[in-house]
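Please open the structure in your viewer and keep the selection panel at hand. The stops below each name what to select and then describe what is found there.

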Amino acid sequence: MFMNGIVKYFGKRVFSYTNYHRIVRQKKTMPTLSQLMVPLPVKSGPDDLNVGAELTGKLDKEEVVKWLAKFYQRREIKAAATENGIDNYIYHQTYLSFRKFCLEIDKLPVDLHVTFSDIIAGACHLDSLLPYFVRHAKQVFPHLECLDDLKKISDLRLPANWYPEARALTRKIIFHSGPTNSGKTFHALERFFNSKSGVYCGPLKLLASEVYYKSNQRGVPCDLVTGEERNFASVNKTPSSHVSCTVEMVSVNTPYEVAVIDEIQMLKDPSRGWAWTRALLGVAAEEVHVCGEAAAIDVVKEIIMSASEEVELRRYKRLTELMIEESSLGTLEKIRPGDCLVCFNKQDIFWSTRQIEAMGIECAVIYGSLPPGTKLAQAKKFNDPDHPCKVLVATDAIGMGLNLNIGRVIFNSLIKPTVNEKGEKEMDTITTSQALQIAGRAGRYGTQFSTGYVTTMKNEDLPTLKRLLSQHPEPITQVGLHPTAEQIELYAYHLPHANLSNLIDIFVNLSTVDDSLYFICNIDDFKFLADMIQHVPLPLRARYVFCCAPINRKIPFVCSMFLKFARQYSRNEVLSFDWLGRQIGLPFACPNTLLDLVHLESVFDVLDLYLWLSYRFQDLFPDASLVRDMQKELDCLIQAGVAQLTRLLINSETKVSSGTSQAVEAEENRPVLFTKKTLYSHDRNAIASGNPLSSHGRIADRLLSEGLLTPKMLEELKKEWQFQKDCEKESFEASNGIVDKSNPAKHSKNDPLNTRRFNRKRRT
C-alpha cells in the first residue's frame, strides 16, 4: 500500500514537500506485522492425570493471578521478551492468552504447574516463568518461529533472478520509443512477422486479436492466447510458432526468437504493472522489442541493467502533424465529420450523444464497459467512408487498442474521476501522458486526415490542454511487482491458520523491495475477492486463482455470480451451460432502456468470467464453446442497443422498459432480434401512483441492475404493496361506515365469512 502511495505521488508532475509528509503519514497508519497476526487459541494436552497436582498439590488461582500480574509488570521480562522478537502488542496479547490458559485449564503441563507452585511457595524466582511465556507466545503467534524464513520468501529485491530461462540467454533488447502515430509498433511487428518464432504481448484483448488476424492474413500461422480463450491457427489445434497474447498470459518458459512487448509505459500501472515487469525480465527470447513512451526509457535501462543486459534505443517521430486549435469548440453545433468528442464518464457520453443526434447527426459510441465486438463494430462504422456516421463520442478507451480515422479530438473536459487507495472517488486533471495518448489519435497516418487537430469544448480548458501537450511525460521511476502463487503457498505452509487475505497483508508487510526501482502493485481487488469467498471451502491454489479473476468489483451482479461460481466449484459440481443460463436469465432480449443495456453489459462480464475460469478449470467449466456462442449473440444485442442509444435514453425517461405495453408499441416500427421476454426483463407497469416500486422506480431499478432483486421478487413486492393498500382501504371504509353500493354484501357485518376474511387481512 505504501509503495502504491509512492508511485501515485511520484507520478504527479510535482513531488512536493506536502506530498512527502502525506506518504509518511500513510506509512505510520499502516498496521504493524504483529497487528496483522491473529492470535491462535492454545489448548492443554490430552493427559488424563493431573500429574502436577499430584506432585505439588492444587494451585491457588488467586495466587496465580497475582504472580502473573507481577510478572507482566517487570521491566526485565519485557526486555527479555523483546530480545525474543516479542514486541509490545504481542507481549500484551500473549499475556492475556497465557493468563487465560493458566486459569481455565485444569491440567497444566507438569513443568509449568511445578514452577508456579515453587514461585508461590517462594522456592524460585518469578523470572522462571519466562521460558514458558516465550513458548506460549510462539504457540499463539506461530510466525515468531519462522520469521526469518518468511522474510526470505518475500525478498523481492532481485526479481531478475526469478527467470532462469531468460538469464540463460544473451538477449538483445530494442526499445522503440515514440509518440502515438509514429510507427514504432509497426516496425517491431515487422520483425515479429519475419521471425522463425515469436510472441506479441499486448495490453488489451483487442490488440492481441488484431495482431493474431493480421499475422494469419500475412501467411504467418499465429495462435491467440488471452485470459478467456486460446485460438489455434491450425485446424488440428497444434501450437504455432507465433503467439499473440495479452501480457499477463505470456509464457516465461517457452523459447522464442522474437518477443514484442507493447505499451511498455504500463510498467507503472498500480494494478497491472507487474505483468509488464514480468514480461520484460522473464520472456525467453533472443530479441525483445519493447514499444512505448520515452518516459519509460530510463527505468527500462535500469531494469535491464539488473539482468546484466543492454538496451538499443530507436526513436521515432510522429508521421502526421498534430495542431492545437486556437479556439475551443464552445457548442456541439460546430461538430464536423471526423470529430471525436472525448468524455470521462458515461453520463457525459449519453448526454452528448443525445444532443448530437437531436441535430440529425448520427454518431458512434465507445466506452470502456462495452464488449470488444461492440467497440470494433462502432469503430468500423465510424471509419467506413460510405457510412453516414461521421462523429464519434468516446471515453479515453480510444487511447489504445482501436484504429480510428479521427480528424479532430475534442476534450469535453480535462477532469477525470479516479478512485484512491481508500476507494474514494477523486476528481483530478488528466496527466500529460493521458493527454498526449488521447490527442495523438487525431490525424492517423494513411487516412484522409493528414493533419490532426485537437481542442476543448470549454474555453477555460484550452490553456491547460496547451500546457499539457507542450510537456513531456514525467520519467517513470518505479515499476510494479506482485506476489506469485508459489510464494503465497510457502507462506501458507508456515502459517496454516491464516486466511488468504491475511497472508497477502503479511507478505506485503514483510516484503523487501528496492524502493528506488520497484513497488508492490495494488492488491485491494485481490483481497476483496479473497474476503468474499473466505467462507467457501477451497484449496489454496484454487482460491488464489479465483482471486486473480479480472472482474469489476463495483458491479454487484458480477460479484454475486463470482460467489456462485466459487460455491459451485467448492461442491465439485459442474457449471454447465444450462446452469449458467438459469442464473443469468436466458434467453436475452434487445434492450429498451439504458438500464437494460447496462444489465446486458454486466451479463457479458459474467460470461467473460466463466470463460476465464474455464481456461483454468476445464473439468468443472466444460461449456466454454457454448458460452462463447452465447456471448456473440449477447454482443449483437448490445450493439443494437448502442446503435439506438438515443431511443434507450428517451425510454428511460418515459419509463418504457422491456415487457411493458409501451415498449411493445415503441417496437412496432422497428425490427427486433428477439421477441421472447427474458427472465431478467423488468415488467414495470404502474400498479398505483403511490407504489414506490411501480413504473421504473429508481430504487427498484438500481436493485435490479445490481442483481440484488430479481423481477420475480419485484412482482411479489408489488402484489404485497397492492394487498396492503387494499387492506388499508377496507379498514378505512369499515371504520367510517362506508359501503360499496355496487356490492353491499362485501361490507355486510352479518356475514361471518366476510368478517373472518376482513380480520385475516387486517392481521396480515
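Begin by selecting strand β3 (residues 222-225) together with β5 in this predicted model, where the two strands pair in the parallel sense over 4 bridges. Within that pairing, V225 has C245 of β5 as its bridge partner.

Which residues lie on each face of β5, and are they buried or exposed? H242, S244 and T246 are on one side and V243 and C245 on the other, and all of them are buried, so that both faces of β5 are covered.

Next, select the strands β9, β16, β13, β10, β12 and β11, which in that order form an open sheet of 6 strands with parallel pairing. At its edges are β9 (321-324) and β11 (363-366), each of which pairs on one side only. Neighbouring strands of this sheet are turned by 20 degrees against each other on average, if direction is ignored. Inside the sheet, zoom in on β10 (residues 339-342) and β12 (residues 391-394), which pair in the parallel sense over 3 bridges, and find L341 opposite V393 of β12.

From here, move to helix α19 (residues 462-470), and display the side chains of its buried residues, L462, L465, L468 and L469. These residues lie on the same side of α19 because they cover an arc of only 120 degrees around the axis. On the other side of the helix, P463 and S470 are exposed. If you then show what covers the buried residues of α19, you will find, among others, the strands β9, β13 (408-411), β15 (425-429) and β16 (451-456), as well as helix α18 (432-439).

For the last stop, select helix α25 (residues 577-584) and helix α27 (residues 624-643), which pack at an angle of about 35 degrees with their axes 10 Å apart. Where they meet, F577, L580 and I584 of α25 are in contact with L626, V627 and M630 of α27. Sorted by class, this contact has 6 nonpolar residues, with no polar and no charged ones.

Conventions:
Residues numbered from 1 in each chain as written. Predicted model: local features only at pLDDT ≥ 70, side-chain atom pairs only at ≥ 80, totals over all residues. Heavy atoms only, no water. Pairing = 2+ DSSP bridges. Axes fitted to C-alpha atoms, helices over the stretch in contact; angles between N-to-C directions. Buried < 20%, exposed > 50% of the residue type's maximum accessible area, 1.4 Å probe, protein only. Contact = heavy atoms within 4.5 Å. Nonpolar A, V, L, I, M, F, W, Y, C, P; charged D, E, K, R; others polar. Arc of directions from axis to C-beta.
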